[in-house]
Amino acid sequence: MTTLSGNVELVGVGKRYGSVQALGQINLTVERGITGLLGPNGAGKTTMLRMMATVLAPDTGSIALLGRDPSRAEDRVEIRRRLGYMPQEPGFYRNFTVFEFVDYVAVLKQVTDRKQRHDQVREVLGMVELTSVAHRKIRTLSGGLRRRLALAQALLDHPEMLLLDEPTAGLDPEQRLRFREVVSQLPKRPIVLLSTHQTEDVAALCERVIVLVEGNIRFDGTPEAMSGIAQGRVWIAPDPGDDAMLSWRTGDGKYRHVGKPPPHAALVEPTIDDAYLLLAGDGVGISR
Amino acid sequence: MTWHVSQEMMASYRDNASSDAASHSLELHLIECEPCRRIAYEAVDPDRRDRIWAGITERVDTPRSRWIERALRPFGVPTHIARLIAMTPSVQPSWLVAVAIILALAALAAPNLGPIPFLVVAPLVPVVGVAIAFGHPIDPVHEIGVASPTGGFRLVLIRASAVLMASIAISVVPALFLREFRWMVVWLLPALACTLLVLVISTFTHLSTAAVVVSLLWVAGVTATELAASTPVASFVGLAQLIFAGAVLGLLTLLLLRRTSFERIVGR
Amino acid sequence: MLIADRSGEALRELYERHVGWLVLRLMRRCSDREVVNEVVQDTFMGVWRNAAGFRGEGPVAAWIWGIGIRRLVERFRRRPVPTRAWDTSGVQSSSAEEMVLLGVEHGDLAPAIDGLAPELRAVLRATVLDGLTTREAAVLLGIPQGTVKSRMRRVRRELREALA
């Protein structure tokens with residue numbers, strides 16, 4: 001299978017569901033490497049990812065994926081051959097074994113030669129460390145393992161474009177670390193788009209961050225640049241303050257404030273979290 | 001265990017240079033003694049060990065081939081398509097058996113109630129089967145399927161054809177209980193028409209909704225025709241068959257026109 | 001046994017422990033290398049599928065041998081295969097080392113066994129050592145069941161005479 005050149009380009013892309021504008025006038029180019037898509041629930045991340053996965057068509061604007069046009073049938077098939085997609089709520093046939101399920105997706109991906117297909121299945125199961133449960137039925141697996149299974153099927157056949165929608169939801173910290181290892185060590189350096197509301201994943205993995213809030217891009221740049229937005233606006237104080245935009249109690253008994261500082265506050269270095277809160281405003285809860 | 005196998009003993013055993021009694025002893029000993037088994041392990045050529053293991057891995061990993069796959073192979077169906085079909089939920093034995101029972105009951109009631117119960121139920125079998133086979137939200141793997149190269153219209157066609165054929169196959173046997181030959185065939189065109197109709201409607205709304213709509217329309221249509229017509233079973237004979245044939249052609253065209261909508265998932 | 005929860009690693013571990021002796025022991029009953037390779041694969045597939053059926057009676061190796069030798073018999077039933085004659089002529093007398101271990105396992109019986117004719121030793125091995133039924137032994141050795149029985153009678157008689 002030849003490599004398709006080209007990146008992902010969205011020009012003037014919009015989508016509405018009834019009266020809700022899920023995405024409005026998005027202009028975006030995504031290159032090879034790991035790009036994070038950060039935003040609260042309902043921001044339009046899943047919509048954008050689905051459009052890139054060719055399963056949803058935009059209402060306005062145009063999309064180019066790997067240099068091809070997904071609105072044309074033949075191009076769509078070519079794109080899908082090089083696409084790995086991990087949906088937010090992947091479904092499984094619960095009576096299948098892990099191996100059978102990935103094998104099935106490989107069949108859908110038109111890997112027709114049986115030996116090659118089985119080798120690929122073994123390879124991706126190895127990458128996500130599911131080899132030891134390869135012959136267990138899916139219904140016997142925990143949520144975390146199923147998530148890894150969803151990731152495994154997306155990694156089949158070395159995709160050139162990998163779309164991951166909330167890949168670390170429900171994973172414990174150790175599993176999240178493993179996930180980061182896998183994604184950062186992918187062969188062939190594909191275009192990776194990682195949609196999440198976990199800022200730590202973004203900070204650790206992504207070369208570029210896009211913050212999407214209520215269907216619009218509020219930030220597009222490196223994680224360092226993103227932290228820089230909050231420069232000079234993050235403080236630590238012994239007491240809670242009402243003037244700050246957001247403030248919460250940290251583990252060591254002090255209070256962290258974003259926005260106007262209360263009295264006796266000391267300025268601190270901002271993190272990507274702080275910037276995210278600033279960008280997303282009221283749409284974001286403080287729960288971590 | 002006061003004695004163990006030495007390298008020389010193992011070598012002469014392997015090379016068939018030890019006596020029967022000695023070999024017996026050694027074999028009995030190996031059943032019980034792990035360290036000596038390790039010596040035996042070393043005595044086998046590593047390449048041979050690896051080759052045997054590779055064969056085992058392949059056989060262990062190979063997903064169980066369902067009987068459907070094996071049945072399809074003589075017809076020249078490529079193995080991967082056969083696998084797709086075999087994985088289709090409504091081509092599974094449990095579903096088919098349930099359907100066969102229902103149809104058998106309907107057919108056996110024919111002497112008393114006429115052929116209508118059977119003729120009404122039979123065309124709905126593929127409709128329900130298609131709904132079960134795929135389509136959000138019943139098919140959990142729907143989204144991944146649409147995003148794959150096979151996804152979309154091609155997958156729909158493969159599975160719908162499989163469901164249709166399986167439904168017809170499973171309906172043929174109970175149909176034999178209907179006694180009159182024409183009852184055994186008049187439901188075929190309606191079955192095809194209903195299946196096409198549910199697929200066409202699924203391009204506008206969820207597949208499960210489409211299935212319900214088609215079922216209601218069908219039952220209502222047959223009921224209305226039967227009540228209004230002067231001859232019994234008018235909804236299946238003569239002119240009705242021509243109408244069904246026309247419907248099949250029309251729906252087929254419509255389906256082809258609407259085929260790109262299978263390339264996307266429905267709604268949010 | 002760990003295999004019951006479908007762990008491929010457990011199978012691998014079991015494989016490493018038992019493939020050695022299994023190959024060697026089967027090679028002494030069938031001289032065709034490829035057939036033995038296949039039968040070993042069949043055996044481990046049988047282990048994989050029937051792991052739950054092992055209830056811990058006796059050593060694991062004995063259970064595995066039961067599966068293996070029966071797979072070999074099945075194979076012979078389908079297609080006759082050249083077996084090893086196990087006629088190690090010139091090896092009638094055991095080495096010093098072997099005499100030591102024979103002293104432990106068989107006692108006085110050992111030289112008596114070695115003194116039997118080859119076809120009798122084969123039947124003894126198949127029925128007593130390998131635990132096959134008369135019918136299975138017949139398939140393995142390629143002789144009629146009646147012959148198996150008559151040879152076993154001769155074995156018993158000759159051993160009794162040798163020990164008397």
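Predicted model: local features only at pLDDT ≥ 70, side-chain atom pairs only at ≥ 80, totals over all residues.
## A tour of chains A and C

Next, pick strand β10 (residues 234-237) of chain A. β10 pairs with β13(A) in the antiparallel sense, over two bridges. To see one residue pair, select I236(A): its bridge partner in β13(A) is A266(A).

Move to the boundary between chains A and C. Here five residues of chain A are in contact with four residues of chain C. Colour the chain A side by class: one residue is nonpolar, three are polar and one is charged.

From the N terminus, the run reads α-α-α-α-α-α-α-α. Chain C has 164 residues, and 38% of them count as buried. Take the contacts in chain C between residues at least 6 apart in sequence: 64% of these join residues at least 24 apart.

Finish by colouring chain C by pLDDT. The mean is 81, and 79% of the residues reach 70 or more. Select helix α2 (residues 33-49) of chain C, which has the highest mean pLDDT among the elements of that chain, at 91. Then select helix α4 (residues 96-105) of chain C, which has the lowest, at 60. For the model as a whole, ipTM is 0.84 and pTM is 0.74.

Terms used:
Residues numbered from 1 in each chain as written. Chains lettered and ligands numbered in written order. Helix = DSSP H or I, 4+ residues; strand = E, 2+ residues; numbered from the N terminus. Buried ≥ 20, exposed ≤ 12 C-beta atoms within 10 Å, placed from the backbone. Contact = placed C-beta atoms within 7 Å. pLDDT = per-residue confidence, 0-100. Nonpolar A, V, L, I, M, F, W, Y, C, P; charged D, E, K, R; others polar. Pairing = 2+ DSSP bridges.
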